[in-house]
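Please keep the sequence and the structure at hand while reading.

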Amino acid sequence: MKALALLAVFAASVSFSIADAETVNMYVQRMPQHWQNQFGDILSDATKYWEAKAPGLKFSTVSHAEQADFVVEWASQYGEGKLGYYSTDTVNQYGKPKLTISLGYFKDKKWNLVSSEYALEITKHELGHAIGLPHSTDPNDIMYPTIENYESWQQSRQDGHLTATHTLKDPPTKKASSVDWQTKSQQYQKMSSNKIDSLDSKIAKAQGLASSEYSNLGSKAEMEKAQTAFWWAKKYLSMAEKKHEEAGSHVIQANYQESFKKFKSSFDYAKKTEQKIAEITKHHKKAYEMEYGKNSTRAN
Ligand SMILES: [Zn+2]
């Protein structure tokens with residue numbers, strides 16, 4: 001139902017703005033390669049979205065601004081909390097209406113990229129303006145105004161809005177933007193700390209086991225494996241400690257997404273250390289049994 005209502009509005013307003021044209025010509029500023037890698041072809045995805053909603057409508061890119069109905073440009077930041085903008089004002093370097101999509105924003109003195117999911121949604125929204133659509137009062141509609149503000153958009157997603165018309169084709173997944181990195185970072189910081197602490201006495205004990213000496217050839221072979229495992233255990237433990245330290249420097253900079261990654265990596269190395277210690281115990285047990293027999297209770 002909502003899709004039908006949107007189409008009706010769309011049909012009415014498009015006839016005002018782009019006089020009955022079925023092909024909309026865009027002059028598109030090239031997106032820098034590193035952003036293309038990050039965002040993919042969001043403009044093409046956004047045009048397909050509208051083409052599917054309005055049969056007969058076709059977007060085309062032209063090689064000169066003079067041939068265009070409007071210009072699309074990419075910005076690294078925009079003002080006033082708005083990350084997308086469409087203006088019919090032609091007083092600009094192109095002499096054409098202009099659609100601007102900002103792929104980044106400043107927050108707490110740091111520059112961030114928007115999520116690729118948001119970049120696509122805002123491109124759809126501004127493209128909607130470019131073909132003549134006004135804002136919608138329906139919070140579930142792609143033309144709802146809060147989408148132009150990244151924080152409002154993230155908030156509305158957390159509140160569980162934005163589920164109807166514009167998500168029919170590609171429902172947004174609940175990830176990246178709503179993740180609380182600080183909490184996740186703190187969880188892993190604790191887990192990694194506890195694990196590393198518990199390894200202190202375990203590794204000392206493992207070292208004792210790994211340096212046991214036997215005369216039986218099979219036992220000697222097992223002890224070689226135990227020593228290799230001990231070498232790895234030490235290596236993994238030092239990696240766990242190193243990652244933990246690196247995580248700390250990200251925490252100081254309040255970069256919790258990075259500190260989370262490092263703490264998690266630290267925790268993973270600590271788990272690997274534990275596995276190696278278990279191997280040492282296993283090899284030592286085999287060596288002992290080969291030397292003294294399975295049921296022997298004699299100490300070595
Ligand atoms: Zn808007």
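**Basis and overall layout**

The model is predicted, and local features are described where pLDDT is at least 70, side-chain atom pairs count only at pLDDT 80 or more, and totals for chains, interfaces and linings use all residues. Residue numbers start from 1 along each chain, following the sequence as written.

The protein chain has eight helices and seven strands, where helices (H or I, at least four residues) and strands (E, at least two) are DSSP runs numbered from the N terminus. Of its 300 residues, 32% count as buried; a residue is buried if 20 or more other C-beta atoms lie within 10 Å of its own, exposed if 12 or fewer, and partly exposed in between, with C-beta atoms placed from the backbone. Two residues are in contact if their C-beta atoms, placed from the backbone, lie within 7 Å. Among contacts in the protein chain between residues at least 6 apart in sequence, 72% join residues at least 24 apart.

**The sheet and the hairpin**

Strands of a sheet pair through backbone hydrogen bonds, in either a parallel or an antiparallel sense. Here two strands are taken to pair if DSSP finds at least two bridges between them. Five strands make up an open sheet in the order S2-S1-S3-S5-S4, and the pairing is mixed. The edges are held by S2 and strand S4 (84-87), each with a single partner strand, so one side of each is left without a neighbour in the sheet. On average, neighbouring strands of this sheet are turned by 25° against each other, direction ignored; the axes behind this angle are lines fitted to C-alpha atoms, for helices over the stretch in contact, and angles run from 0 to 180 degrees between N-to-C directions.

| Strand pair | Sense | Bridges |
|---|---|---|
| S1 and S2 | parallel | four bridges |
| S1 and S3 | parallel | three bridges |
| S4 and S5 | antiparallel | four bridges |
| S6 and S7 | antiparallel | four bridges |

Strand S6 (residues 104-107) and strand S7 (residues 110-113) form a hairpin with two residues between them, and aspartate 108 in the turn has a positive phi of about 50°.

**The cores**

A nonpolar core is a set of buried Ala, Val, Leu, Ile, Met, Phe, Trp, Tyr and Cys residues joined through C-beta atoms within 7 Å. The largest has 36 residues, of which Met26, Leu99 and Ala119 touch the most other members. At least two residues of this core come from each of strand S1 (23-28), helix H3 (42-53), strand S3 (70-75), strand S5 (98-102), helix H4 (116-130) and helix H5 (150-158). H4 gives the most, with six residues. Apart from this core lies another, of 24 residues, among them Ala210, Met223, Ala233 and Phe260.

In H3, the buried residues are Ile42, Leu43, Ala46, Thr47, Tyr49 and Trp50. They cover an arc of only 150° around the axis, which puts them on the same side of H3; the arc is that of the directions from the helix axis to the C-beta atoms. These buried residues are covered by elements including S1, helix H2 (33-39), strand S2 (58-61), S3 and H4.

Leaving aside neighbours within four places in sequence, methionine 26 is in contact with Phe59, Thr61, Ala68, Asp69, Phe70 and Val72.

Phenylalanine 70, in strand S3, counts as buried because it has 26 C-beta neighbours inside 10 Å. With neighbours within four places again set aside, the contacts of phenylalanine 70 are Met26, Lys96, Pro97, Lys98, Leu99 and Ala130.

Serine 192 is found in helix H6 (residues 181-210) and counts as buried because it has 25 C-beta neighbours inside 10 Å. Not counting residues up to four places away in sequence, serine 192 touches Ala240, His244, Phe263, Ser266, Phe267 and Ala270. Lysine 262 is 70 residues away from serine 192 in sequence, yet their C-alpha atoms are 9.9 Å apart in space.
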